[in-house]
Amino acid sequence: MTTPLQPAAPERDAAIASAAFALAAAWAQLHRAQLETIRALELQRADRARGAIQRVRRTLQTFTTAVAVFDRAARAVAERWAAQDLPLLYRSGATLALARALRHLPLDHRSFTWTDRHQAAITSLSARYYTDLITRIQETVRRAQAFTRTAQVQARTTAGVDRRALLDRHGLDTVVYRNAAKHPVDAWARAALGQQATTTVNTAALTLGRYDLDAHWFECIDGSECGFTGHNDLDKANGTIRSAEDAETWPIAHFGCIRQWIPRPDLTTAPGLESGADL
């Protein structure tokens with residue numbers, strides 16, 4: 001029988017919301033500094049008057065300082081997320097998976113322990129996701145630097161700065177994906193952190209089930225229409241039993257995935273099971 005899909009753990013939602021808010025706030029402050037810089041340069045149209053070049057230089061130096069403030073603030077959020085939030089989410093995922101697994105087994109009460117395998121798993125996840133966030137931050141710093149160079153060139157012309165062109169090419173209120181699509185920072189942060197958090201929680205459940213409970217099979221709980229490898233996969237995930245190998249390959253299927261895994265060590269010796277079969 002399929003176990004009902006449970007709401008996301010409150011601590012996971014709270015961690016995602018807090019980190020996403022902090023990242024969005026850092027980006028918003030940088031974007032405000034960009035708009036203030038453009039306004040200042042518009043008032044300082046280079047008309048060859050004495051001191052014009054120096055005023056432009058001071059304005060852009062103020063923006064450079066704002067970029068450094070952004071870099072420190074955003075990096076601090078990424079560090080807290082990787083070093084504190086993700087390990088807590090991992091432990092929460094493992095603890096919940098253990099409680100669910102014990103419903104199917106006549107075992108004495110157990111508690112989660114940070115074994116070497118769990119330590120290695122969270123270390124790998126934290127390092128990977130920290131790098132992902134830092135890469136986004138570095139990309140934004142490079143975009144800010146490109147804005148500075150372009151604004152400086154424009155400000156030294158008699159026409160002055162072109163607000164629309166600067167914001168179209170170098171606007172700092174979005175994150176640019178590999179396909180050049182631009183997304184609002186808040187939407188990106190929630191999606192990215194949500195994917196990282198869910199994968200971390202599910203990795204904890206799978207690692208605990210396979211190596212602490214010797215589970216060969218896992219019950220997959222997901223949205224009713226979600227395919228196992230993605231939305232368009234005709235192999236529906238919810239309410240199916242999956243091998244440990246398949247589960248580890250697809251801990252989630254897509255951004256925003258609500259997939260959860262329940263270790264089923266009680267099925268380890270069950271005959272005739274096939275990965276993907278309905279429970």
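Two strands count as paired if DSSP finds at least two bridges between them. With that in hand, welcome to this predicted model, where three strands form an open, antiparallel sheet in the order β4-β3-β5. Strands (E, at least two residues) and helices (H or I, at least four) are DSSP runs numbered from the N terminus. Residues are numbered from 1 along each chain as its sequence is written, and side-chain values use heavy atoms, with hydrogens and water left out. Because the model is predicted, local features need pLDDT of at least 70 and side-chain atom pairs count only at pLDDT 80 or more, while totals for chains, interfaces and linings use all residues.

- The edge strands are β4 (240–243) and β5, each of which pairs on one side only.
- From one strand to the next, the twist averages 40°; angles run from 0 to 180 degrees between N-to-C directions, and axes are lines fitted to C-alpha atoms, for helices over the stretch in contact.
- Strand β3 (residues 217–221) joins β5 through four bridges in the antiparallel sense.
- Gln260 in β5 is the bridge partner of Ile221, and Pro263 in β5 stands opposite Phe218.
- Helix α5 (residues 185–212) lies across β3 and β5, running at about 15° to β5.

**A pair of packed helices**

- Helix α2 (residues 52–102) packs with helix α3 (residues 116–155) at an angle of about 170°, and their axes are 9 Å apart.
- That angle makes α2 roughly antiparallel to α3, a label for angles over 145 degrees.
- The contact of α2 with α3 has 25 nonpolar, seven polar and three charged residues; Asp, Glu, Lys and Arg count as charged, Ala, Val, Leu, Ile, Met, Phe, Trp, Tyr, Cys and Pro as nonpolar, and the others, Gly among them, as polar.

**A look at Ser126**

- Ser126 is found in helix α3 and counts as buried because its relative accessibility is 10%.
- Leaving aside neighbours within four places in sequence, Ser126 is in contact with Ala82, Leu86 and Pro87 (heavy atoms within 4.5 Å).
- A polar atom of the Ser126 side chain lies 3.0 Å from the backbone oxygen of Ala82.

Key. Angles under 35 degrees count as roughly parallel, over 145 as roughly antiparallel, 65 to 115 as roughly perpendicular and the rest as oblique. Buried means under 20% relative accessible area, exposed over 50%, partly exposed in between (1.4 Å probe, protein chains only). A polar contact is a pair of N or O atoms within 3.5 Å; within protein, one must be able to donate a hydrogen and the other to accept it, and residues adjacent in sequence count only if both atoms are side-chain atoms.
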